[in-house]
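This report goes through selected features of the structure shown below. It takes the ligand site, a residue annotated in a record and some details of the backbone in turn.

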Amino acid sequence: MRKNSKKFETEAIRTQMERSQNLEHSSPIYMTSSFVFEDAEDMRASFAEEKDRNIYSRYSNPNSSEFIDKVCKMEGAENGFAFASGMAAVYSTLAALLNSGDHVVSSKSIFGSTHTLFTQFFPKWNITTSYFDATDLSSIEGLIKPNTKILYAESPTNPGVDVLDLEVLGQIAKKYGLIFIVDNCFATPYLQQPIKFGANLVIHSGTKLMDGQGRVLAGITVGSGELMDKVYRFSRITGPALSPFNAWVLSRSLETLAIRVDRHCENALKLATFLENHPKIDWVKYPFLKSHPQYEIAKKQMKAGGCVVAFEVKGGLDAGRKFFDSIELLSLSANLGDSRSIVTHPASTTHSKLSKEDRESVGISDGMVRVSVGLEHIDDIIADIEQALE
Ligand SMILES: *Cc1c(COP(=O)(O)O)cnc(C)c1O
């Protein structure tokens with residue numbers, strides 16, 4: 001962890017690139033693909049990496065650097081790289097670190113595209129993956145082989161909102177010398193800092209709560225300086241860099257992350273508590289409800305429960321679909337972490353291609369609804385869900 005650092009909210013606002021000669025108060029946007037040199041010697045030294053300066057925006061840009069600096073402070077990380085999307089961050093980070101013949105141990109409950117990367121694309125390069133159940137960490141050690149290099153997880157999971165004990169995962173990774181990578185997108189660094197529990201790298205889709213207003217795609221990886229150097233070398237060549245404009249948007253968004261996420265969590269807990277007592281609901285899952293199976297772990301590693309609530313409408317698939325057709329205010333959309341509340345029905349949409357059995361093994365039942373609770377007034381969010389249930 002950095003010494004003498006200020007509080008989270010202060011760093012989120014006051015971490016800023018150097019002012020230009022115009023002495024602007026808010027950071028400008030550097031929409032430039034390249035940067036100029038003083039003379040031949042300056043150019044030589046810059047390319048030789050004897051100087052730490054911007055050369056070309058595929059490598060670095062003041063707006064990306066500001067965004068990276070902030071997230072490093074928020075996560076307690078040494079260094080980072082900003083990507084054009086969350087998946088660019090996931091792919092580039094893994095591709096930079098894995099070699100042909102390597103093996104990954106991953107939670108079964110991970111973002112769909114990450115799962116597809118592991119199952120359909122990495123085998124092309126002779127990289128294999130074994131999966132453990134997010135609610136049974138005791139099976140992990142049995143999956144580790146001599147060629148296992150990475151332990152990969154997300155918590156809370158999507159869409160089942162299970163919570164994985166990051167401290168336990170960190171200890172296993174340390175014991176076997178694995179690189180422990182956490183996709184921290186659901187929690188944001190405001191609620192949870194995986195590096196404290198032993199993560200070596202933390203990945204975010206900036207598209208979700210970090211932007212929080214459904215405007216830009218972005219991704220970022222932060223963590224150990226040594227590992228980030230490998231990720232940087234790979235990424236500056238392969239070109240997944242974040243655009244300066246999107247980096248600028250994200251850096252402004254982070255100024256309000258704490259205050260937004262506080263309200264998301266407050267609204268989500270109120271909705272979850274309301275649903276817990278509703279006769280048309282079979283079950284509700286939210287990390288900060290006492291009834292959540294991993295409530296104690298959630299309390300240990302998270303500041304609050306996040307923006308996602310999952311619940312089961314009584315009556316299975318048909319009741320689930322009917323509920324969706326009756327929603328008026330909330331959006332039917334695949335995104336999450338937006339100021340606008342969003343409802344999705346995983347069984348008939350994002351996870352419809354899986355068999356019922358496979359869906360159930362990652363905690364998705366037929367009548368399950370996922371709500372990404374937004375920043376509208378909670379009374380209006382509850383009223384819409386209540387009338388849809390009726
Ligand atoms: C959305 C998401 C991603 C991918 O991010 P994009 O910005 O859409 O590429 C990765 N991980 C998790 C947990 C996500 O929710």
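## A helix residue with positive phi

Thr-188 is part of helix H8, which covers residues 188-191. The model is a predicted one. The phi angle of Thr-188 is near 65°, a positive value in a residue that is not glycine. Most residues other than glycine have a negative phi.

Is Thr-188 buried or exposed? Thr-188 has a relative accessible area of 1%, and because buried means under 20%, Thr-188 counts as buried. Apart from neighbours within four places in sequence, Thr-188 is in contact with His-204, Leu-209, Leu-257 and Val-261.

## The ligand and its shell

The ligand has 13 residues around it, and those that come nearest are Gly-86, Met-87, Asp-183, Thr-207 and Lys-208. By type, the shell around the ligand consists of six nonpolar, four polar and three charged residues.

For Lys-208, a polar side-chain atom lies 2.6 Å from an oxygen atom of the ligand. Ser-205 also has a polar side-chain atom facing this count, at 2.9 Å from an oxygen atom of the ligand. On its own the ligand has 380 Å² of accessible area, and the protein covers 92% of that area.

## Lys-208

In the model, Lys-208 is found in the loop between strand E6 (201-205) and strand E7 (219-223).

The relative accessible area of Lys-208 is 12%. Lys-208 is therefore buried, the cut-off being under 20%. When residues up to four places away in sequence are not counted, Lys-208 touches Phe-111, Cys-185, Asn-335, Leu-336 and Gly-337.

## Two cis peptide bonds

Where are the cis peptide bonds described here? One runs from Ser-155 to Pro-156, with omega near -5°. Another runs from Asn-158 to Pro-159, also with omega near -5°. Most peptide bonds are trans.

Pro-156 has its place in the loop between strand E4 (148-154) and helix H7 (166-176). Pro-159 lies in the loop between E4 and H7 as well.

## Asn-126

Asn-126 is not a glycine, yet its phi is positive, at about 60°. Asn-126 belongs to the loop between helix H5 (112-121) and strand E3 (128-132).

How exposed is Asn-126, and what does its accessibility make it count as? The relative accessibility of Asn-126 is 46%. Buried means under 20% and exposed means over 50%, so Asn-126 counts as partly exposed.

## Ser-365

Ser-365 is located in the loop between helix H14 (356-361) and strand E12 (368-372). With a relative accessible area of 17%, Ser-365 is buried, because the limit for that class is under 20%.

Which residues does Ser-365 touch, leaving out those up to four places away in sequence? They are Trp-283, Glu-312 and Ala-347.

Key: Residues numbered from 1 in each chain as written. Predicted model: local features only at pLDDT ≥ 70, side-chain atom pairs only at ≥ 80, totals over all residues. Heavy atoms only, no water. Near = heavy atom within 4 Å. Polar contact = N/O pair within 3.5 Å; in protein donor to acceptor, adjacent residues only side chain to side chain. Areas by Shrake-Rupley, 256 points an atom, 1.4 Å probe, with all protein chains shown as cover. Nonpolar A, V, L, I, M, F, W, Y, C, P; charged D, E, K, R; others polar. Helix = DSSP H or I, 4+ residues; strand = E, 2+ residues; numbered from the N terminus. Buried < 20%, exposed > 50% of the residue type's maximum accessible area, 1.4 Å probe, protein only. Contact = heavy atoms within 4.5 Å.
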